[in-house]
Amino acid sequence: MPHIITSPCIGVKDQACTEVCPVECIYDGGDQYLIHPDECIDCGACVPACPVSAIFPEEDVPSGEEEFIVKNKAFFGL
């Protein structure tokens, strides 16, 4: 799973990340956006575009935000 969107996105949903994603793999998950792990090409374009710094490579998800890895997998049925 290349990138994970974490808690700072909740309630913000700025859409800047969706606008720069070349493969349109970022989906509206209700309270936040989520990245489809099978569609993401790991380009990282979404990371600097996020105004609230909510997007991280899975291996770099900050401590305390690991629940968003699980949330992302569950949303896409993985």
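Biologist: Which residue does D28 form a salt bridge with?
Modeller: That would be K13, and the closest N and O atoms of the two are 2.8 Å apart. Keep in mind that this is a predicted model.

Biologist: Where do D28 and K13 lie in the chain?
Modeller: D28 lies in strand 2, residues 26-28, while K13 is in the loop between strand 1 (3-5) and helix 1 (16-20). They are 15 residues apart in sequence, so the pair ties those parts together.

Biologist: How exposed are D28 and K13?
Modeller: D28 counts as partly exposed, at 45% relative accessibility. K13 also counts as partly exposed, at 23%.

Biologist: How many salt bridges does the count come to?
Modeller: It comes to two. Besides the pair of D28 and K13, there is a salt bridge between D31 and K71, with the closest N and O atoms 3.0 Å apart.

Biologist: And which parts of the chain does the pair of D31 and K71 link?
Modeller: Distant ones: D31 is in the loop between strand 2 and strand 3 (33-35), and K71 is in helix 3, residues 67-75. The two are 40 residues apart. D31 is partly exposed at 36% relative accessibility, and K71 is partly exposed with a relative accessible area of 27%.

Biologist: OK, switching to cysteines. How many disulfides are there?
Modeller: The count is zero. Take C21: the nearest cysteine sulfur belongs to C25 and is 3.6 Å away. A disulfide needs the two sulfur atoms within 2.5 Å, so C21 is in no disulfide.

Biologist: Is C21 buried or exposed?
Modeller: C21 is buried, with a relative accessible area of 12%.

Biologist: Let's zoom out. How many helices and strands does the protein have?
Modeller: Three helices and four strands. Along the sequence they follow the pattern β-α-β-β-α-β-α. The radius of gyration is 11 Å, close to the 12 Å that the globule rule gives for 78 residues, so the protein is as compact as a globular protein of that length.

Biologist: What does the C-alpha trace span along its principal axes?
Modeller: About 25 × 25 × 25 Å. Of the 78 residues, 36% count as buried. If you take the contacts with a separation of 6 or more, 64% of them are between residues 24 or more positions apart.

Biologist: How many residues are in the largest nonpolar core?
Modeller: It has 13 residues, and those with the most contacts inside it are I5, I26, I35 and I55.

Biologist: Which residues is I5 in contact with, leaving aside neighbours within four places in sequence?
Modeller: I26, Q32, Y33, L34, I35, A54, I55 and F68.

Biologist: One more residue: where does G29 lie?
Modeller: G29 lies in the loop between strand 2 and strand 3. G29 is partly exposed, with a relative accessible area of 22%.

Biologist: What does G29 touch, not counting residues up to four places away in sequence?
Modeller: L34 and F75. F75 lies in helix 3 and counts as partly exposed at 40% relative accessibility. G29 and F75 are 46 residues apart along the chain, and their C-alpha atoms are separated by 7.5 Å.

Terms used: Residues are numbered from 1 along each chain as its sequence is written. This is a predicted model: local features need pLDDT of at least 70, side-chain atom pairs count only at pLDDT 80 or more; totals for chains, interfaces and linings use all residues. Side-chain values use heavy atoms; hydrogens and water are left out. A salt bridge is a side-chain nitrogen of Lys or Arg within 4 Å of a carboxyl oxygen of Asp or Glu. Buried means under 20% relative accessible area, exposed over 50%, partly exposed in between (1.4 Å probe, protein chains only). A nonpolar core is a set of buried Ala, Val, Leu, Ile, Met, Phe, Trp, Tyr and Cys residues joined through side-chain atoms within 4.5 Å. Contact means heavy atoms within 4.5 Å. The radius of gyration is taken over C-alpha atoms; the globule rule is 2.2 Å times the number of residues to the power 0.38.
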